[in-house]
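Dear colleague,

I am handing over the structure below, together with its sequence. Please have it open while you read the notes that come after it.

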Amino acid sequence: MNMPIADNTFDAAYAIQATCYAPEAQGVYSEVYRVLKPGQYFALDEWCLTDRFDPNNAKHLTAKAEIELGDGLPDIRTTRQCVQAMKDAGFEVVFAKDLAQAFSLPMVPDDGS
């Protein structure tokens, strides 16, 4: 969130399931943006909730809570929140893909079946 690195230092940056631990998404993305040279790339793989997450579904809430507990995560952000935070930090998002959508795993029914 506050790297002791000069502005416009790096040619590229990446984060693999790391920025999700930051207390504030736009803040961490802004810091990455600051240390990148203009026009350079930032790639990341992030824990996010998909559009299929239903905050009114008890099973979804339980799965989310267990992931947060098991990985020591704060509140998991949605993909939309992360993409918007990157834009708000100054990035042009040129590619975003929800890898969970690449799999045809059925959601667990709420009735327990």
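This is a predicted model: local features need pLDDT of at least 70, side-chain atom pairs count only at pLDDT 80 or more; totals for chains, interfaces and linings use all residues.

Residues are numbered from 1 along each chain as its sequence is written, and side-chain values use heavy atoms, with hydrogens and water left out.

The secondary structure comes to 3 helices and 2 strands, where helices (H or I, at least four residues) and strands (E, at least two) are DSSP runs numbered from the N terminus. From the N terminus on, these elements run β-α-β-α-α. Of the 113 residues, 25% count as buried; buried means under 20% relative accessible area, exposed over 50% and partly exposed in between, with a 1.4 Å probe and protein chains only. Among contacts (heavy atoms within 4.5 Å) between residues at least 6 apart in sequence, 77% join residues at least 24 apart.

The largest nonpolar core has 13 residues, of which Y29, V32, L36, F42, M86 and F91 touch the most other members. Such a core is a set of buried Ala, Val, Leu, Ile, Met, Phe, Trp, Tyr and Cys residues joined through side-chain atoms within 4.5 Å. The elements that give two or more residues to this core are α1 (25-35), β2 (36-45) and α3 (79-89). Leaving aside residues up to four places away in sequence, F91 touches Y29, V32, Y33, L36, F42 and M86, and F91 is itself buried, with a relative accessible area of 11%.

The structure holds 3 aromatic pairs, counted where rings of Phe, Tyr and Trp (its six-membered ring) have centres within 6.5 Å, with planes under 30 degrees apart taken as stacked, over 60 as edge-to-face and the rest as tilted. The rings of Y33 and F91 have their centres 5.0 Å apart and their planes at 85 degrees, so this pair is edge-to-face. The pair links distant parts of the chain, with Y33 in helix α1 and F91 in the segment after α3, 58 residues apart. Y33 counts as partly exposed, at 40% relative accessibility. Ring pairs link Y29, Y33, F42 and F91 into a cluster.

In α3, the buried residues are C82, A85, M86 and A89. Seen down the axis of α3, these fall within an arc of 100 degrees, so they line one face of the helix; the arc is that of the directions from the helix axis to the C-beta atoms. The buried residues of α3 pack against α1 and β2. After α3 comes G90, whose phi is positive, near 120 degrees.

Helix α2 (residues 58-71) has 14 residues, which at 1.5 Å a residue should span 20 Å, and its end C-alpha atoms are 20 Å apart, which agrees; the expected span is 1.5 Å times one less than the number of residues. The buried residues of α2 are H60, K64 and E68, and seen down the axis of α2 they fall within an arc of 70 degrees, so they line one face of the helix. The face turned away from this buried side carries the exposed residues E66, L69 and G70. At the start of α2, a side-chain oxygen of N57 reaches to within 2.8 Å of the backbone nitrogen of K59. G72, which follows α2, has a positive phi, near 65 degrees.

With best regards

Methods:
A polar contact is a pair of N or O atoms within 3.5 Å; within protein, one must be able to donate a hydrogen and the other to accept it, and residues adjacent in sequence count only if both atoms are side-chain atoms.
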